[in-house]
Amino acid sequence: MKRLDEVLGGGIEEGSSLAFVGSICRDNIVLMHQLVFNLLKAGYRVLIVEFRQSPDMLRKELLHYNIDYSGFVENGQLRIFDGFSNLYGVERIQGANVLSNPLDLGITSAVIRDTMSGGGFDFLVIDDLNVLYTLQSNSKAYLRAIVRLVNSIKRKGFQTFAAFSEDVFERSDLTAGLMPFDYVFDVRDGYITLRRSLQPLKIPSPKVPYIKTELGVEAILERHTTLESIKRDLWLDDEGNLWMGDSRVQLINEDSEASLVEFVYEYLGPEDGKRFLYLWGRKEFIGIGRAARNQYDNLRDALLSVKFATESSGGGRIEIVEVQEDFVVLRGRNLFPSRKGYSYQFHINYAGELSQFLTEFTGEQWEGEEVKCQSMGSEYCEFVFRRKK
């Protein structure tokens, strides 16, 4: 993800260890394997130790996200240890890529270390640490073994990736298990949050909103830049619900939303109606500016993201006219919805939305107004925003 690279100042430090923390949705595991897949394509050698399921099932699961390990296994660039089968089987399974007794942490760790050293691998990937944790009678001893393994791998110059589920680990045990990791990525509920990093970050609270697609975990602002990308993520279930990813949506036509604006003015009057629409816009954009603050380093780039999102979703065109420290001017053309020859500002909710956006992004209060409106006969809509002194 481009944004994660930017937040990290170019990427992760060589020789570091990464932990991917998540929940039962397992988005953290998908993201981890996306990174592994890219490393393999870049020519690195990887050893995966699979405790969660059989290696065949892992490969089938990852095919749903266009991650195909087959060629790398065949050319010897990737080796997958089966640490799953002998956890549950009555009869012991033997083989070059099968861990004979995964619960024996001493032997398992020694086999992994020897394989990393003798096999010329660059990265160790543990998928995942939850299974062994639940099967241990002594969780503290297990955590000590994990810390020793990761640190010993790091001392030999290799890097370790591992997945944890916060739904499984006790909080204190999870904290102990994360001790040897230089980076901790929390991947759940639509956000990638960088909870630990070796280098100082550009922004105070790095959170990247994502959507899980057939390409794995993707940053929303990188994915939804065209109409085609939005269409790919729309799906209708058997109950008549239309979804975009995990969010329920509904298609509406222009007359429907325009009639709502007209009704507000007719029912409340011009002044109260204007205030209602403005506050409605602010309500709709709660949280958007905070998310953008974690994505962009400057206000102009953040406003460009609003421009692209508006245009790709059919909301019309936004033009950035002027951006100053305490003064912003934007113009809109063909904003949704439109009405010709109307008596009042028809897009005052945009002024509310962008005021909320500016307030959250800068951390200071902004107010905005629509000073020109196409629906009232102007050539374009114009919005002026001022930082409150």
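Predicted model: local features only at pLDDT ≥ 70, side-chain atom pairs only at ≥ 80, totals over all residues.
Residues are numbered from 1 along each chain as its sequence is written, and side-chain values use heavy atoms, with hydrogens and water left out.

The C-alpha trace of the chain spans about 80 × 50 × 40 Å along its principal axes. Its secondary structure comes to 16 helices and 16 strands; helices (H or I, at least four residues) and strands (E, at least two) are DSSP runs, numbered from the N terminus. Of the 389 residues in the chain, 50% are buried, where buried means under 20% relative accessible area, exposed over 50% and partly exposed in between, with a 1.4 Å probe and protein chains only. Among contacts (heavy atoms within 4.5 Å) between residues at least 6 apart in sequence, 63% join residues at least 24 apart.

The chain is divided into domain 1 (2-219), domain 2 (223-249) and domain 3 (254-387), with bounds that come from an automatic or database domain assignment. The centres of domain 1 and domain 3, taken over C-alpha atoms, are separated by 44 Å. Contacts between these two domains involve ten residues of domain 1 and six residues of domain 3. The size of an interface is often given as the accessible area lost when the parts come together. Between domain 1 and domain 3 the buried area is about 650 Å², and carbon and sulfur atoms give 38% of that; buried area is the accessible area (1.4 Å probe) that two parts lose on being put together, summed over both. The count of salt bridges between domain 1 and domain 3 is zero.

Next comes the sheet. Nine strands form an open sheet with mixed pairing, in the order E3-E2-E4-E5-E1-E6-E7-E8-E9; two strands pair if DSSP finds at least two bridges between them. Strand E3 (78-82) and strand E9 (216-219) each have a single partner strand, so these two stand at the edges, and one side of each is left without a neighbour in the sheet. On average, neighbouring strands of this sheet are turned by 25° against each other, direction ignored. Strand E1 (residues 18-22) pairs with strand E6 (residues 183-188) in the parallel sense over four bridges, and Ala19 stands opposite Val184 in E6. Helix H2 (residues 27-41) packs on the sheet and touches strands that include E1, E5 (159-165) and E6. The direction of H2 makes about 160° with that of E5; axes are lines fitted to C-alpha atoms, for helices over the stretch in contact, and angles run from 0 to 180 degrees between N-to-C directions.

Another pairing is that of strand E13 (residues 317-323) with strand E14 (residues 327-333), which run antiparallel and are joined by six bridges. A hairpin of three residues leads from E13 to E14, and Glu319 stands opposite Arg331 in E14.

Gln136 is found in the loop between helix H7 (130-135) and helix H8 (139-155). With a relative accessible area of 19%, Gln136 is buried. Leaving aside neighbours within four places in sequence, Gln136 is in contact with Leu103, Leu105 and Tyr142.

The structure holds 22 salt bridges, each a side-chain nitrogen of Lys or Arg within 4 Å of a carboxyl oxygen of Asp or Glu. In one of them, Asp173 and Lys140 have their closest N and O atoms 2.7 Å apart. Asp173 lies in helix H9 (residues 171-177) and Lys140 in helix H8, so this pair ties together parts that are 33 residues apart in sequence. Asp173 is buried at 4% relative accessibility, whereas Lys140 is partly exposed at 43%.

Arg282 forms a salt bridge with Glu367, with the closest N and O atoms 3.6 Å apart. The pair ties together parts that are 85 residues apart in sequence, because Arg282 lies in helix H13 (residues 270-284) and Glu367 in strand E15 (residues 366-372). Arg282 is buried, at 9%, and Glu367 is partly exposed, at 31%.

For Arg387 and Glu364 the closest N and O atoms of the salt bridge are 3.1 Å apart. Arg387 is buried at 17% relative accessibility, while Glu364 is partly exposed at 40%. Finally, salt bridges that share partners join Arg26, Arg52, Glu61 and Asp127 into one network.
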